[in-house]
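Please examine the sequence and the three-dimensional structure shown below. The paragraphs that follow lead through the structure one element at a time.

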Amino acid sequence: MNRVHSVLRRWSTRWLFPIVALMLGGCAGPQSALDPAGQGAEDIARIFWIMVIGATIIWITVIGLAIYALRLKPGPHHRRRSGVWIIGGGVIAPTVILTGLVIYSLAFLPQLLARPPEGSLQIKVEGLQWWWRVTYLENGEPDFELANEIHLPVGEPVEFLLSSPDVIHSFWIPALGGKVDMIPGRETRLTLMPTRTGTFRGVCAEYCGASHALMNFTVVVEEPEDYQQWLAEQRSPARQPAEELTILGRELFVSSGCGACHSVRGTDANGRIAPDLTHVGSRHKLGADVLPNDRASFERWIRHTDDVKPDVLMPEYHSLDAAELTALAAYLESLD
Amino acid sequence: MSRISDPEYMQPTEEQDRFWILFASPTIWAIHLLACYITAAIWCAKFGETESAFTTVRIAFAVYTVVALAAIGWLGWIGYQQQRRVTDKTPHDDDTPLDRHRFLGFATLLLSGLSAIATIYVALVAVFIGSCD
Ligand SMILES: [Cu+2]
């Protein structure tokens, strides 16, 4: 008995507790559907919990009956009564329970799919290999563009217009709501309603190539005043470099041809292929949420792009020396 | 001569047993699903903008569902009659033509029940989703 005890104890400290802790760790945090911060996510989490509780009750009942039949009362059972269990538990109960669940979850659909009221905030998001082009719309017309980051005012419905120019992606902010596919040649829609402020993480939820797992974005839900201030900053053209280092950086940006792919509003760089860099320094993360936003990361991104993101569609710049790289990084960092 | 004592009736040969009725009900369920899916897809693509488009889709779903359930119900009834032949004691697992016959009937009945429920689930979608969006 003691041996069993110590084996059990060893087993639980070694495996059970760490694994449970690891699993529970996934329940909170910026990318959890079980820690909702939006209406859709709240509905989905409720459906999830009801199903978990229901499934647990059914599981316990079935296992309990199995133990009863095999251990507590082995041997032949009353034919009539077993028949009741088989028909009742095997046919009628599943039908009733499944019908209930189907109706319960279907009833949420209209609410999850409903369009927001006329005049609500609209944001167009394109999924590309392997980043997100985000365009804020004003009366249906493009207002300004950025990449890999979305800010939302708390308590207001927002409608996302989703599409893709290359392959199928899927737009998912687990903390706010359900996911919707981005399909080439089509425009899909998703309405979300953030209910509390915070910084959350969005992901691509449909395998889209080598760096699919490195295609994420930051979602900041904030108070309306903070949101308005952010809008004003993002709308404005890029900050002009003022120091020697950042001025050199801008020259390198031009001479290296970065502007063929990237735009920096207020300069000649107006490429449309790659993320808009006008305010890249203000973003939470770099490269679609794979590097922190600091000078070292800019350097690493420009020099070792393909190491950071396999198969990335941006060339690596090996010709820049260390000083030039620092200047270029300093310039990008100054674009806040 | 009563039907029960007719030896041919009692012992249907393999040729006489209708194997197809076993999977007829699931086939109707599949056709019902396809019909609903295709109708909704085409109708919403062509007339999705108009208010009444989805009403038409709902009516179509209702008609398909009534027809499908009637057919499934009829097949289930045939199966029920068939498994009850001579006696309705299950199981039918003797190696005889009669038990094969009754087994087929019983399986048809169960599959018809399953198909009926599945068909209703498909139709339920149109009850809860009210528009082409
Ligand atoms: Cu992806």
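Helix H5 of chain A comprises residues 224-235, twelve residues in all, and reaches 16 Å from its first C-alpha to its last. This is close to the 16 Å expected at 1.5 Å a residue, where the expected span is 1.5 Å times one less than the number of residues. Helices (H or I, at least four residues) and strands (E, at least two) are DSSP runs, numbered from the N terminus. The structure is a predicted model, in which local features need pLDDT of at least 70 and side-chain atom pairs count only at pLDDT 80 or more, while totals for chains, interfaces and linings use all residues; side-chain values use heavy atoms, with hydrogens and water left out. Residues are numbered from 1 along each chain as its sequence is written, and chains are lettered from A and ligands numbered from 1 in the order in which they are written.

Which residues of H5(A) are buried? They are A:Tyr227, A:Trp230, A:Leu231 and A:Gln234, where buried means under 20% relative accessible area, exposed over 50%, and partly exposed in between (1.4 Å probe, protein chains only). These residues cover an arc of only 105° around the axis, which puts them on the same side of H5(A); the arc is that of the directions from the helix axis to the C-beta atoms. An α-helix has 3.6 residues a turn, so residues three or four places apart point the same way. What covers the buried residues of H5(A) includes strands S1 (121-128), S2 (131-138), S3 (141-147), S4 (149-153) and S10 (216-222) of chain A.

Of these strands, S1(A) is mostly covered, with six of its eight residues buried. S1(A) is joined to S2(A) by seven bridges, and the two run antiparallel; strands pair if DSSP finds at least two bridges between them. S1(A) and S2(A) form a hairpin with two residues between them, and A:Leu128 stands opposite A:Trp131 in S2(A). The loop between S1 and S2 of chain A contains A:Trp130, which a cis peptide bond, with omega about 0°, joins to A:Gln129. S1(A) also has six bridges to strand S5 (residues 158-163) of chain A, and these two strands run parallel. In S5(A), A:Phe160 is the bridge partner of A:Ile123.

Both A:Ile123 and A:Phe160 belong to the largest nonpolar core, which has 34 residues. A nonpolar core is a set of buried Ala, Val, Leu, Ile, Met, Phe, Trp, Tyr and Cys residues joined through side-chain atoms within 4.5 Å. Among the residues with the most contacts inside this core are also A:Tyr136, A:Ile150, A:Leu152 and A:Phe171. Leaving aside neighbours within four places in sequence, A:Phe171 is in contact (heavy atoms within 4.5 Å) with residues including A:Val125, A:Ile150, A:Leu162, A:Val180, A:Met182 and A:Leu190.

In the loop between S11 and S12 of chain A lies A:Ala288, which has a positive phi of about 65° although it is not a glycine. At 0% relative accessibility, A:Ala288 counts as buried.

The aromatic residues remain to be considered. Over all chains the structure holds 14 aromatic pairs; rings of Phe, Tyr and Trp (its six-membered ring) pair if their centres lie within 6.5 Å, and planes under 30 degrees apart count as stacked, over 60 as edge-to-face and the rest as tilted. The rings of A:Tyr104 and A:Phe108 have centres 5.3 Å apart and planes at 90°, so this pair is edge-to-face. A:Phe253 and A:Tyr331 form another edge-to-face pair, 5.8 Å centre to centre with 65° between the planes. That pair links distant parts of the chain, 78 residues apart: A:Phe253 lies in helix H6 (residues 244-255) and A:Tyr331 in helix H9 (residues 322-334) of chain A. A:Phe253 is buried, at 4% relative accessible area, and A:Tyr331 is buried at 1%. One aromatic cluster is formed by A:Trp132, A:Phe160, A:Phe171 and A:Phe217.
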